[in-house]
Amino acid sequence: MRNGIVEALALTVLLHIAWVQTRYDVLPDSARGPLLLFAGILLLFVAQLVPLPPLAISGREATDAVTALAGVPRRWRPLSLDPAATSRMAISLVVPLATALLTILAGQRGRILIVRAIALLAGVSAMFGMVQLGLGFPDWASPFGKADPGIADGLFVNRNHQAMFLLCGLIATGLWIRLEPSGSDSPFRIAIGRSRVHAAWLLMPLLALMILAAASKAGIGLLAVILPLSVARALPSIKRRGAGSPPGWIVPVAAVVAIGLVVAITLPGETVTTIRSRLIFRGDARLEFLPDLLVLLRQYWPWGSGAGTFVPAYMGIEDLDKLGSFYLNHAHNEYIEWLIETGLPGLLVLLSGIALIAARLWSVLSSRRSDARKALAVSGGTMILILGLHSAIDYPLRTDSLAALFGVALGLVFAPGLDDAAVSERGAVSERGAGRPAIKRRLAIAGVALFVTLLAGQIMRLRLAEVAAGDANASLAAAIGSNDGMAEAYVAEAYLASGQPELARDQALAAIDHTPLAIVAVRTLAMAEARLGHHAAARDAWRAAAGLGWRDVPTQYWAMKQALADGENAIAGMRADALLRLNQGTGPFADLTRKALVDPALRSALKPRLAMRPAWRESFFHAGRILTAEEVAGLQPMLLELQRGAAPPSALEARDTMLFLLNHGRTAEAVALDAPFASRRKLDPGSLLSDGGFNLPATAYGEAASPFEWSVGVVGGANAVLESEPSGQMVVSADGSSGNIPLVRWVALAPGRYTLSFRMKGPPDSPTAVGVRAICPMTGLTLGESGRNMLAGDGYQTRSFDFVVPADCSAVLIGVGAVGGGPENEAEFDDIRLVPETSPLHPLAGR
């Protein structure tokens with residue numbers, strides 16, 4: 001979002017402006033507005049960094065509890081929960097301030113060039129979006145990463161930011177056409193001017209098209225208003241045909257584009273379907289988080305948590321039922337986030353800024369200034385309005401690109417009058433500055449240079465520390481970012497990992513002192529105290545960490561075990577739920593939890609959470625791999641308990657556990673887990689199997705099938721596919737020498753002799769490659785398989801073979817796939833039947 005290089009370039013611009021100002025006093029009176037606005041914001045941030053004596057400040061209960069439990073003495077601390085983050089926010093102001101002042105000082109020609117640049121940059125981003133759509137979204141066409149697959153977001157990661165930038169580009173395009181000179185003595189210049197205007201008119205439908213392709217609801221809603229306004233702004237105010245007039249071909253081109261849009265949106269296609277699905281309103285997640293945001297606002301009112309501290313502040317009150325692998329990096333409502341971070345002072349600054357801009361617009365529009373000046377102000381005000389409206393559902397001004405655009409819009413609103421020539425203005429201000437004593441000018445220049453140099457060093461230091469922390473270079477981050485609590489927390493963690501608990505403890509205490517909500521520091525302190533044998537101090541630190549949210553895995557694991565030890569099963573279940581939500585039921589903690597379910601207390605604690613069918617439940621039970629004996633020891637009783645409740649496990653959830661039991665000869669236990677699904681199966685007449693004719697929908701033969709039902713897949717190149725016309729039959733292809741079996745099912749059988757028959761159709765030599773086998777997985781032996789003699793004729797032929805189930809084989813795997821050893825071939829199979837010959841049906845048979 002923020003870029004230290006961009007900020008350094010902006011600071012260079014400010015340095016140049018400050019140097020020129022000290023020599024020539026070039027800033028017009030209108031520049032006071034932006035300077036006052038940014039000065040107010042900067043003073044607010046600085047006030048949040050001023051250390052205050054220990055006071056009972058609203059919202060600081062959590063931090064006071066953390067510092068008390070961690071043993072950090074009370075001392076003077078700033079209002080901001082994370083001073084380093086607030087410092088970074090303050091430094092980020094240089095980007096919009098630089099673009100605002102640059103626009104104000106640019107003069108009429110310079111402002112027209114800036115407007116053209118915005119329009120052209122919007123066109124470039126739109127073209128990138130077209131390339132993404134046309135080439136299937138290659139990686140190189142998304143240079144800054146991609147958050148929304150299937151959406152044309154151009155040079156942005158966020159589709160909403162792309163749409164807002166293109167909307168502002170539409171406004172800039174209309175203003176460009178409006179301000180294009182309409183006359184010249186040179187035919188060459190007239191031709192160049194008309195070419196630029198024609199290109200600008202052609203740019204409008206392109207931007208409109210790509211706003212639709214960005215699939216931003218807010219962008220499309222605003223497009224309905226902004227496009228007509230931009231066209232109206234572009235039309236010349238004079239009756240005669242001038243350079244700004246639309247070319248004659250613009251109407252048919254616009255009509256073709258409109259028809260193309262309608263056709264594109266109504267035709268089928270993966271990309272268009274993605275865009276259409278984005279435009280369907282199914283509720284907004286922002287509304288789901290709004291109650292929690294209001295709770296957070298009340299907690300830190302009236303002083304705020306500190307600029308840039310939303311994430312750690314929100315994590316402390318995060319709702320468990322909304323917890324997931326993603327997290328809120330921003331409130332997605334800039335006004336609420338601003339009030340959370342800055343409180344009542346921030347509200348006053350915000351209202352003052354709105355009043356300042358509104359007063360300036362009123363002054364310009366009610367004056368006798370030129371139409372061009374009014375067009376500039378209205379266009380800038382419209383851009384600010386767009387970004388302001390978008391801020392109600394997103395965070396555009398926290399990105400350097402849109403913050404710079406806001407600065408340009410502000411500069412257009414506060415630009416000086418265009419009636420006088422730029423040279424005259426510059427000459428007037430030069431004379432005002434010329435009378436200053438040389439020594440004062442030099443001192444002022446030296447002071448400005450020193451200040452800007454120090455600020456530039458601070459920018460690079462903070463941004464490099466941020467990058468180093470992101471690259472897990474903790475030592476470098478702490479060395480560069482002094483008093484940066486998060487960087488110090490990572491250093492403490494590194495000390496602990498290297499077996500230096502004393503250094504880890506000291507570094508963690510320093511991190512907590514600077515940033516009390518740094519959960520990594522509090523957790524590292526707990527682990528360091530435990531290694532040093534200070535168990536009481538470790539327990540206090542663990543409790544402090546547990547109060548800072550749900551997202552730190554080691555902390556949640558400790559809290560879960562501690563809750564179980566204290567008999568607080570409901571809390572233990574919530575802690576386990578939190579961890580499983582974070583990892584979607586996968587990963588090392590999920591493995592540990594599966595094993596820990598052998599404890600009846602944890603099963604009792606987690607059962608109510610599982611009964612709610614959280615999103616992680618399926619992947620927790622269905623790991624997609626071979627389970628360990630320890631995992632099955634925990635999962636099996638949990639599945640049986642759920643089986644007796646209101647939210648029984650699905651066949652997919654029970655599948656991995658049943659397969660483990662079957663492969664280890666524990667057939668009766670697998671049958672018990674299969675009991676809820678056995679009722680949906682009916683045995684074929686005279687057979688121990690159900691669905692021998694493959695008459696179910698194709699979806700019934702996937703992973704969701706019970707092991708005691710047919711399931712298909714691709715195994716080592718072998719494949720099984722259901723063909724439902726004219727009736728159900730399974731087409732199996734395989735290389736006979738591979739031994740791969742893509743169609744399988746388990747059958748619980750008593751010891752004895754059985755006959756398995758089936759119908760088969762295929763090439764004459766297909767039996768040498770594909771057929772049916774009966775396998776005992778417990779011993780790894782093939783009990784029997786179909787013959788390899790050639791098929792006669794083109795129709796189905798019935799074949800069969802006998803096999804004996806030994807006493808040590810309680811379940812048999814029936815497989816259709818590679819047999820014999822012949823070359824790759826395929827055949828159709830149908831009506832597979834299994835009948836006993838020498839023993840009655842086993843009580844478990846028929847599965």
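S4 covers residues 729-734 and is mostly covered, with six of its six residues buried. Strands here are DSSP runs of E with at least two residues, and helices are runs of H or I with at least four, both numbered from the N terminus. The model is predicted, so local features need pLDDT of at least 70 and side-chain atom pairs count only at pLDDT 80 or more, whereas totals for chains, interfaces and linings use all residues. Residues are numbered from 1 along each chain as its sequence is written, and side-chain values use heavy atoms, with hydrogens and water left out.

S4 pairs with strand S3 (residues 718-723) in the antiparallel sense over five bridges, where two strands pair if DSSP finds at least two bridges between them. In this pairing, Ala720 stands opposite Val732. S4 also pairs with S11 in the antiparallel sense, over five bridges, and here Ala734 stands opposite Asn825.

The loop between strand S10 (811-818) and strand S11 (825-836) contains Glu824. Glu824 counts as exposed because its relative accessibility is 59%. Together with Glu723, Asp735 and Glu826, Glu824 forms a negative surface patch. Patch residues have over 30% relative accessible area and no salt bridge, and like charges are joined within 9 Å, nonpolar side chains (Val, Leu, Ile, Met, Phe, Trp, Tyr) within 5 Å. A salt bridge is a side-chain nitrogen of Lys or Arg within 4 Å of a carboxyl oxygen of Asp or Glu.

An open sheet is formed by five strands in the order S1-S5-S10-S7-S8, with antiparallel pairing. Strand S1 (711-712) and strand S8 (781-785) stand at the edges, each with a single partner strand, so one side of each has no neighbour in the sheet. S8 pairs with strand S7 (residues 770-776) in the antiparallel sense over four bridges, and Leu781 of S8 stands opposite Cys776.

Helix H31 (residues 667-678) includes Ala672. This residue, Ala672, is partly exposed, with a relative accessible area of 34%. Ala672 and Leu640 are 32 residues apart in sequence, and their C-alpha atoms are 8.3 Å apart in space.

Key. Accessible areas come from the Shrake-Rupley method with a 1.4 Å probe; for residues, only the protein chains shown count as cover. Lys and Arg count as positive and Asp and Glu as negative; His and the chain ends are not counted. The place of a charge is taken as NZ of Lys, CZ of Arg, CG of Asp or CD of Glu. Buried means under 20% relative accessible area, exposed over 50%, partly exposed in between (1.4 Å probe, protein chains only).
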